[in-house]
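Here are some notes to read alongside the model, written for someone opening it for the first time. Please keep the viewer open as you go through the points.

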Amino acid sequence: MAERTWSVRALVEYVYRSGSLGSDFGGADSLQEGSRIHRLVQSRYGEEDRREVALRAEIKSGEECYVLEGRCDGLLQPGPDRERVTVDEIKSTSADLALLPGDGIPVHWAQAYCYAWMLTRAEALERIDVQLTYVQTGNGEERRFLRTPSLEELERFVDGLVLVYAPYARLQDNHLKERDESLRKLAFPFAGYRKGQRELAAAVYAAQRDGRRLFARAPTGTGKTVSTLFPTLKAMGEGRLRRLVYLTARTTTQEAAEAAIRLLEERGDLRLRSVTLTAKEKICFRETVDCRPESCPYADGFYDRLNDGLFDLLSAERRIGRETVEAYARKHRLCPFELSLEAAYAADAVIGDYHYIFDPRVSLKRLWEEERRRTALLVDEAHNLADRGREMFSAELSKRACLTVSRGMKRARPELAAAAGQANRVFIRLRKEAADGGKGFPIYAAAPSELADILRELIPAAEAELALRADRRRGAERADGLADGQADRQADGQADGQADGQADGQEVDQAELGERLLDLYFQAKHFLRILEEYDDRYVTRLREVDGELVLRLDCLDPSLSLRRVTGGFRSTVCFSATLVPLGFYRELLGGEEDDYRISLASPFSREQLDVFLLPCSTRYRDRTRTLGEVARRLDELLRARPGRYLFFFPSYEYLNGVLEPVRTLNPPARLLVQSGGMTDGDRADFLREFQQDTGEPLAGFAVMGGAFGEAVDLAGDRLTGVAVIGVGLPQLGPDRDLLRDYYERTGRNGFDYAYVYPGMTKVLQAAGRLIRTETDRGTLLLVDDRFARLPYRRLLPEEWQPIRTLTEREPLPPWEGPAPDARQALPPE
């Protein structure tokens, strides 16, 4: 008899979801806040009561056996105030509990009823009570609802759920059987392994087998994409994993992962369901992203149509990328972004940006604990994750939003106006303290202590107001007249708000009020989340951004936050060609001493790469003096070794400073120039010039760390040389100095951590564009005297040796032997 296992939560959410996007009660709270609320409620249980009760029950239907699994929040025993055993389902929300519909939300009752049914079977109970406990996270207010369903009612209820869910369950089960059979037969897609490739694949498999983190430095040419995907898929076929999530920082690396899966399908008959997530701004059908149901027909009634659209998509497609998602979204009138997220929860492989897992604002929140424990993370180009992590775990609050809401909500929503006013007064106090100090905005080692309580009051009030505004825009009428009464108060409040604004010499614009209210709501929620994480890894800064006063909780060290995220998953593999030094990146990305690590040698021979060092200072103070020398040497390179080159600079300013004297020398190559305002199409056109097999000499001027500095594959004669001008140090300034000072305080070399290591990572990435296959040959020119000194010298790869230093008047030698010409690259990885 076939057995299918599904979580209770997945079952009830599939059956009961309905309505529009953005119409849910409450909002998603942080994992820590939800856990805190659960622990608070459970701490008041009696000694005989049970907490977090794991449940499992079978339903047999013909030849099929469904197994339901879940975890009940509380099982309360009979006592003086309780007649019978009671299932307690706890739900936390930031919303006003007065907005609860009826006696609770149907999907929550469905979840609790399933647990009750499972308990009656497991413990032979003849009667059971079912309780929903709602807790408002801001003020701790609680509301409880109690029902006493009969055994027959519970049986009918669960049978009805299974009847609706069975077709989807059958679809999933048939796919998993087909997938697992193909995974057991899956072979490596090439005739043999490249140098280092087998070692990397073995290390990745060990991480999946043992449930560990792995940090892997794998140089260009190792074949990292296939070498990480293949062993992860084999572990999936052995039942160790349910899914993998392939995380990238750029679209080009997403395309590489898609190509590797396609290769495994074509050469290994792989039957895998993969979903690539595209940013909402790029995939949205509307000119401007506006997910309110009254503004977007794809959001309005989304959940009413979702199940049909999702079933159609999953029945017909396995490789689900942007074009596929858009086609089915139009067919079923669904938001394409949200449809792709729903498909991701049913996928075996998810490909997307880092923030889908790490950013607390947009992460795949429905990957519950049991799902995460069976999910592997593959983090490509992981050197990018540290800076991205700092941004994701930072938060900002705007004074203007607080002030606008405080003025505009005085009568309509006085509790909201009061909370926003309190937050605004915190800004006023901090600005006054800064002015009194006379040294500009100071940096604080702690966040203003009163903000947490203020925001806990503000969030539910803002949520209530936003819900009311949505109801009014949809023209909803409430039977008890509540809407009309609140609408009257809203109109009065708007008039009063405008009067207050006029009295202050500033009228409150209602369109701005609505925008600021929504901004403040989301700012406050994220700010409160980050306050929960705030410790000595953070500083607080008051500063002006585009004329607005902003309070920022600035994450200097994201390692602990990243570790908390990855700790919930089965395994995490962080890999890049430039995790140098490896210990630095392991520490920065949340690794621990006992994590697995591997550092591989280059698969290419030293004879393929000629490396020259021009010891010419590119320090900011010396650039005007050395500009002509740098331009002359680049022109000389184009003449002595004709071909196609990329020249990388530390900034656009320096790039343009060298570009003009190079042009005056009339070099024997067409010049292409990266600019700061390039669109996706502009960047594609730039690369297309190199990808064409015309043989025309080209010289592309680009910036290190930019769009062309990594994840660009130009094999053969498409690229014959790279010049890296400068050691890539981030611009000196207060932001980087904060990092330097933090690492100094914590016993590390602050300058190396904040400047040298990130800068040299950009150098190594830029140089890595050059040798891409075993038959490539090229020239690398390093321009800066610091490359010959510590600590920079020890960060240069061994495969670059020997490096030939050019004296001041020594010309660059021509190619020895035949110059590079068109070559057949290896099959794509």
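**Notes on the predicted model**

1. Let's begin with strand E4: 7 of its 8 residues are buried, so E4 is largely enclosed by the rest of the structure. Buried here means under 20% relative accessible area, with exposed being over 50% and partly exposed in between (1.4 Å probe, protein chains only). Strands (E, at least two residues) and helices (H or I, at least four) are DSSP runs, numbered from the N terminus.

2. A word on what you're looking at. This is a predicted model, in which local features need pLDDT of at least 70 and side-chain atom pairs count only at pLDDT 80 or more, while totals for chains, interfaces and linings use all residues. Residues are numbered from 1 along each chain as its sequence is written, and side-chain values use heavy atoms, with hydrogens and water left out.

3. Which strands pair with E4? One is E3 (residues 64–76), which runs antiparallel to E4 (residues 86–93) and is joined to it by 3 bridges. Two strands pair if DSSP finds at least two bridges between them. Leu 75 has Val 87 of E4 as its bridge partner, and Gly 74 stands opposite Asp 88 in E4. E3 is mostly covered too, with 11 of its 13 residues buried.

4. E4 also pairs with strand E5 (residues 129–136), this time in the parallel sense and over 8 bridges.

5. Next, have a look at another sheet. It is an open one of 4 strands, in the order E13-E16-E15-E14, with antiparallel pairing. E13 (395–398) and E14 (443–444) are at the edges and have a single partner strand each, so one side of each is left without a neighbour in the sheet. E13 is joined to E16 (residues 548–555) by 4 bridges, the two running antiparallel. Within that pairing, Glu 396 has Arg 552 in E16 as its bridge partner.

6. How many aromatic pairs does a search of the whole structure find? The count is 31. Rings of Phe, Tyr and Trp (its six-membered ring) pair if their centres lie within 6.5 Å; planes under 30 degrees apart count as stacked, over 60 as edge-to-face and the rest as tilted. One of these pairs is Phe 584 with Tyr 753, edge-to-face at 4.9 Å centre to centre and with 90 degrees between the planes. That pair links distant parts of the chain, as Phe 584 belongs to helix H21 (residues 582–588) and Tyr 753 to helix H26 (residues 750–767), 169 residues apart. Phe 584 and Tyr 753 are both buried.

7. Tyr 742 and Tyr 743 make a pair as well: their ring centres are 5.1 Å apart and their planes stand at 70 degrees, so this pair is edge-to-face. Tyr 742 and Tyr 743 are both buried.

8. Two arginines are worth a click. Arg 330 lies over the face of Phe 285, 3.8 Å from the ring centre, and Arg 641 lies over the face of Trp 815, 4.6 Å from the ring centre. For a charge to sit over a ring, NZ of Lys or CZ of Arg must be within 6 Å of the ring centre and within 35 degrees of the ring normal.

9. Val 275, in strand E9 (residues 274–276), is buried, with a relative accessible area of 0%. Its C-alpha atom is separated by 18 Å from that of Asn 174, 101 residues apart along the chain. Ser 576, in strand E17 (residues 571–576), also counts as buried at 0% relative accessibility. The C-alpha atoms of Ser 576 and His 383 are separated by 6.7 Å, and these residues are 193 apart along the chain.
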